[in-house]
Amino acid sequence: MPRPLRSALRTAATAALATVTLAASALVGATPASAAPAGLPGMDVSSYQGNVNWSAAWNNGARFAYVKATEGTYYTNPYFAQQYNGSYNVGMIRGSYHFARPDTTSGATQANYFVDHGGGWSKDGKTLPGALDIEYNPYGSTCYGLSQSAMRSWIASFVNQYYARTGRWATIYTTTDWWTTCTGNTSQFASTNPLWIARYSSTVGTLPAGWSVYSFWQWASSGTFPGDQDVWNGTWDRLKVLACNGPC
């Protein structure tokens, strides 16, 4: 499957950015969708988007957003407040995400850092469960030097601690290719954690093991809205159910 460019566009140092982007571009073999897939339109952003014009995004049809909050235990998005609060203020349902660094500290440690720096949850009807962005390593080996069993344990440590802190199971952002390579295509998280699949193609393709449907699909790296282009696999009312963890 095509390799999404989130790691290249969001987390690589400036000096490495061109190299990573070129390498990722060479791996993109499928044809990107020419129009948004069916579902509720949305977006995800990080510091690379800076101050976002949220009113314009809303007027253009975006109804939800995921905003990068943290990476590892050493980085917070300097534009987080403008992006997270701005999306909320125009009426979007929004959430935050954490870029995983399994090669630096434990999953539980990073979950705590995430929650303490914008990754929390409240039952206000407009806050999505936090997302764990677990994907290609922009800094080194694809699987961060972990075996498949160690990676499964790391992810479990993160999502279990996030649940302990917030009462919610984190959304998992990944690609089928990375998930298969680095976790052995485990199905152990499919019954609890919503799937946010990344695939820049006209079809969503094969999903990681255990998930029969996706919740979110990141289908392009640019388009109508700032940042990456996403869809929620359902209606506004169903997205609000996810935000509320039931009725609000």
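Helices are DSSP runs of H or I, at least four residues long, numbered from the N terminus. The model shown in these views is predicted.

**View 1. Helix α7 and its buried face.**
Helix α7 spans residues 176-183, and its buried residues are T176, W178, W179, C182 and T183. Seen down the axis of α7, these residues fall within an arc of 165°, so they line one face of the helix. The elements covering them include α6 (148-166), β6 (171-174) and β7 (195-198). After α7 comes G184, which has a positive phi near 75°.

**View 2. The F64 and F216 ring pair.**
The count of aromatic pairs in the model comes to 16. One of them joins F64 and F216, with 5.3 Å from centre to centre and 55° between the planes, a tilted arrangement. F64 belongs to strand β2 (residues 64-71) and F216 to strand β8 (residues 216-220), so the pair links distant parts of the chain, 152 residues apart. F64 has a relative accessible area of 1% and is buried, because the cut-off for buried is under 20%. F216 is also buried, at 1% relative accessibility.

**View 3. The W179 and W211 ring pair.**
The ring centres of W179 and W211 are 5.6 Å apart and the planes stand at 65°, so this pair is edge-to-face. W179 is in helix α7 and W211 is in the loop between β7 and β8, so the pair ties together parts that are 32 residues apart in sequence. Both W179 and W211 are buried.

**View 4. A cluster of aromatic rings.**
F64, Y66, Y97, Y173, W196, F216 and W232 are linked into a cluster by ring pairs.

**View 5. Arginines over tryptophan rings.**
R63 lies over the face of W58, 3.6 Å from the ring centre. R168 is placed over the face of W121, at 4.8 Å from the ring centre.

Most residues other than glycine have a negative phi. Y144 is not a glycine, yet its phi is positive, about 60°. Y144 sits in the loop between β5 (131-133) and α6, and at 4% relative accessibility it counts as buried. N245, also not a glycine, has a positive phi of about 60°. N245 is found in the segment after α8 (236-244). With a relative accessible area of 48%, N245 is partly exposed.

Key. Residues numbered from 1 in each chain as written. Predicted model: local features only at pLDDT ≥ 70, side-chain atom pairs only at ≥ 80, totals over all residues. Heavy atoms only, no water. Buried < 20%, exposed > 50% of the residue type's maximum accessible area, 1.4 Å probe, protein only. Helix = DSSP H or I, 4+ residues; strand = E, 2+ residues; numbered from the N terminus. Arc of directions from axis to C-beta. Contact = heavy atoms within 4.5 Å. Phe/Tyr/Trp six-rings, centres within 6.5 Å; stacked < 30°, edge-to-face > 60°. Lys NZ or Arg CZ within 6 Å of the ring centre and 35° of its normal.
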